[in-house]
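Keep the viewer open and follow along.

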Amino acid sequence: MVGQTLAGRYQILEELGSSGQTYLAQDGHCPEQSWVVIRRWQPRSPKGEEPSAARQRFQQAMALRERLGSHDAIPRLLAYFEEEGGFYWVEEWIQGQTLEQALRQTTEQGQLWSEVEVRAFLQDVLQTLAFLQGEGVSHGNLRPSCLLCRQSDGRWMVLGLGQAMASAGSGLEASSAGGDLDALGLLALQALSGIPTHKLFRDPLTGELRWHDLAPTSAPFAAFLDGLVGCDPRQRFASAAAALAALQALSLAEGVSPGAEILPDPVAVDPWQEPTTPPRSPVSLRARFWIPPLWAGSSLAALLVLFGVAAWQLAANLSRWGEKAVVPRDSVPPAGTMANLGSAGPNSFSFTEQPPNPSKTGSPALDLADWAKSLRLKAKLEGPAAITALAISPDGNLLVAGGDDGVIRFWDPQAGQLLQSWTGHEGSIETLAISPNGTFLVSGGADKTVRVWDLAALGDPALRSGEGVPRLQLQGHTDLINSVAISPDGRWIASGSADRTIRLWQAEDGQLVRTIDSAAYPVTQGAGITAVAFAPSGLAEEGSSPWILVAANGNPAVYLWDPRSGALLKTLEADYPIEQVLLSPDGRHLLAASASGIWIWNVGTGSRERTLPQPLSGLATLALSPDGRLLASSTDHRAQQIKLWDLRSGKELRTLGGQTWMVSALLFGPDGQTLLSGGADGAIRIWGPEHPASEAEKGTQP
């Protein structure tokens with residue numbers, strides 16, 4: 001709409017935000033107030049509703065919005081109108097910085113808000129929310145882009161009221177005020193800890209947030225924040241006015257004057273406890289390499305020799321990988337060989353009655369229990385940022401790690417060397433997948449984009465570290481990307497987003513094939529799409545899709561879709577919210593992780609065949625061995641342990657310790673001999689058997 005003129009007077013200058021509903025405009029009739037904000041409302045009218053009913057709802061909402069604009073912290077309503085079936089209203093433009101911009105800026109600078117700053121922020125917003133609730137209205141969609149710090153006086157303004165009220169008719173019910181307080185409390189925790197609200201862990205049994213070890217605060221203020229985000233109605237604030245009074249009483253009791261620094265109470269440190277999330281590392285740090293103590297006293301000449309050898313080996317690795325990565329894009333494995341691909345996608349699972357051929361799968365020839373007992377930590381690759389995603393090439397020679405600093409790092413897992421680092425994403429990288437033929441990488445992140453990278457560029461000597469350029473940048477999602485998957489033939493890319501949609505793209509040119517909106521099924525958690533995966537459909541009819549698309553959205557169910565038609569094929573019900581799924585290559589079995597256990601379904605019948613016992617706590621991630629015999633899971637809300645399971649017997653084989661922070665990513669190497677784990681401490685741990693199976697041993701299966 002940029003360049004258009006609305007109502008004969010408002011010329012659209014630019015779009016504000018990414019929703020496509022808010023614009024900066026110039027009012028040609030009022031030169032003294034040249035800039036205004038125009039917001040657009042597109043009603044989702046019930047089926048059969050007359051246009052006049054939507055118009056009436058809009059007019060009622062605007063009448064209320066005009067009255068609310070008398071508050072100093074709410075922009076004034078200047079006008080509203082209807083044009084070409086769209087509803088618009090005009091607000092005064094306030095110069096300042098949104099909370100979204102402020103949080104991003106402090107994160108990039110490696111800083112956190114102080115308790116004093118958060119208290120001042122809460123004081124402003126609670127005053128406005130108390131006013132709204134006094135009028136019988138709640139905001140209902142309080143998020144960082146809806147809060148703005150006015151440049152003229154530093155006062156926090158509340159934006160976006162008209163959208164919420166227009167959607168609800170004449171305003172949201174006051175009973176939803178608790179949602180505003182919870183959202184405000186989460187934003188305060190993000191400012192204190194630097195951790196996005198969607199990554200804060202909530203205990204699935206009690207519903208309570210585990211945040212006290214993430215943000216240093218005084219004990220009274222911590223109790224106040226619990227009153228905003230807690231689940232127990234007896235301990236929650238009943239209204240914004242009650243919360244505001246408690247905050248003001250807290251400051252008076254402490255005798256705190258404006259601008260004074262509040263120091264947290266000393267807290268006894270439990271040496272057996274680890275924080276749930278690591279300290280935030282400055283983006284400017286680089287990978288840290290471990291040097292044996294024997295070398296610490298070596299001479300400068302010896303160090304120069306070591307660096308020279310390392311540089312020569314790095315160049316050789318880059319050249320070697322560049323040669324291996326040049327594979328025709330249409331070179332895909334034959335049908336049915338998906339279990340041997342070794343990609344990072346959740347598609348390497350198979351229930352087979354006969355043991356797989358070790359010469360093809362590289363699976364351990366030892367008894368599974370003996371193999372699990374023999375696992376040892378073989379290597380540890382350390383980086384500067386929390387690991388958020390891992391992927392490995394089909395030949396096992398390239399390990400890709402995504403970090404919460406938005407950097408993609410490429411490692412040689414055998415040599416333990418960092419090959420290159422590519423930037424491009426703004427914000428954390430949430431998911432990675434390598435194509436079955438190993439030619440391209442797909443990444444998705446908090447910046448709402450999906451990017452496709454040609455891996456052959458790793459061997460280009462003209463590119464320095466950090467200069468990777470994506471071949472495609474796929475845009476359209478309006479919230480962070482939680483999961484990406486590549487179809488086994490390498491032609492389709494599926495992306496699942498917190499905006500509650502799945503988008504299907506052509507891998508060759510990035511053309512959008514289809515969007516599946518989760519509005520077609522109930523969403524109770526508000527998490528959006530948390531996982532997507534492809535598997536063969538087993539259908540051979542002409543015109544039918546060769547694949548099924550599986551999705552989880554944080555609800556107690558898993559959904560199976562036909563990606564070609566967008567039709568919902570089946571819903572598998574669970575008793576706890578599902579966030580991760582794994583599929584067998586033949587599409588016959590599905591694994592899903594919930595707080596009550598790891599469920600195994602028969603996709604054809606929809607029946608549950610087995611449940612692996614799982615502690616009633618949060619589950620971080622799952623991984624399957626290439627032959628589908630072993631399952632690895634990281635458990636507990638701190639997830640400092642990895643459990644190994646024999647899927648045929650359902651027995652737990654081993655628990656791996658040695659983690660210092662949450663295990664955020666898991667995958668098996670394509671040889672089936674190694675397990676790789678990524679941690680929130682920035683480390684990648686490579687596990688392998690103490691005595692790997694020899695070629696002679698691989699001729700005999702247990």
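Strands β20 and β21 (residues 501-506) run antiparallel and are joined by five bridges; strands here are DSSP E runs of at least two residues, helices are H or I runs of at least four, and both are numbered from the N terminus. Two strands count as paired if DSSP finds at least two bridges between them. This is a predicted model, where local features need pLDDT of at least 70, side-chain atom pairs count only at pLDDT 80 or more, and totals for chains, interfaces and linings use all residues. Residues are numbered from 1 along each chain as its sequence is written, and side-chain values use heavy atoms, with hydrogens and water left out.

**Around β20**

- L504 in β21 is the bridge partner of A494.
- Three residues separate β20 and β21, which form a hairpin, and R500 in that turn has a positive phi of about 75 degrees.
- On the other pairing, strand β19 (residues 481-486) meets β20 in the antiparallel sense over five bridges, with A485 partnered to A494.
- β19 and β20 make a hairpin too, with five residues between them, and G490 in the turn has a positive phi of about 75 degrees.
- How many residues of β20 (492-497) are buried? Six of the six are, so the strand is largely enclosed by the rest of the structure; buried means under 20% relative accessible area, exposed means over 50%, and partly exposed is in between (1.4 Å probe, protein chains only).
- In a regular strand, side chains alternate between the two faces of the sheet.
- In β20, W492, A494 and G496 are buried on one side, while I493, S495 and S497 are buried on the other, so both faces are covered.

**The six-stranded sheet**

- Six strands make an open sheet in the order β1-β2-β3-β4-β6-β5, with antiparallel pairing.
- β1 (5-6) and β5 (77-83) are at the edges with a single partner strand each, so one side of each has no neighbour in the sheet.
- Strand β6 (residues 86-92) pairs with β4 in the antiparallel sense over six bridges, and V36 sits opposite E92 of β6.
- W35 belongs to strand β4 (residues 35-41) and counts as partly exposed, because its relative accessibility is 39%.

**Helix α2**

- L99, A102, L103 and T106 are the buried residues of helix α2 (residues 99-108). They cover an arc of only 95 degrees around the axis, which puts them on the same side of α2; the arc is taken from the directions from the helix axis to the C-beta atoms.
- G110 follows α2 and has a positive phi, near 70 degrees.

**Salt bridges**

- Side chains of opposite charge can pair when their charged atoms come close.
- The count comes to 18 salt bridges, each being a side-chain nitrogen of Lys or Arg within 4 Å of a carboxyl oxygen of Asp or Glu.
- R65 and E91 meet in one of them (3.1 Å, N to O). R65 lies in helix α1 (residues 51-68) and E91 in β6, so the pair ties together parts 26 residues apart in sequence. Both R65 and E91 are buried.
- R155 meets D72 at 3.4 Å, N to O. R155 is in the loop between β8 (147-150) and β9 (156-158) and D72 in the loop between α1 and β5, so this pair links parts that are 83 residues apart in sequence.
- R155 counts as buried at 17% relative accessibility, whereas D72, at 46%, counts as partly exposed.
- R155 also meets D124 (3.4 Å, N to O). D124 is in helix α3 (residues 115-134), so the pair ties together parts 31 residues apart in sequence.
- Through shared partners, salt bridges join D72, D124, R150, D153 and R155 into one network.

**A385 and its surroundings**

- A385 sits in the loop between β10 (375-382) and β11 (387-392) and counts as buried at 7% relative accessibility.
- Which residues does A385 contact, leaving aside its neighbours within four places in sequence? They are D404, D405, R409 and G682, with contact meaning heavy atoms within 4.5 Å.
- The C-alpha atoms of A385 and G403 are separated by 5.6 Å, and these residues are 18 apart along the chain.
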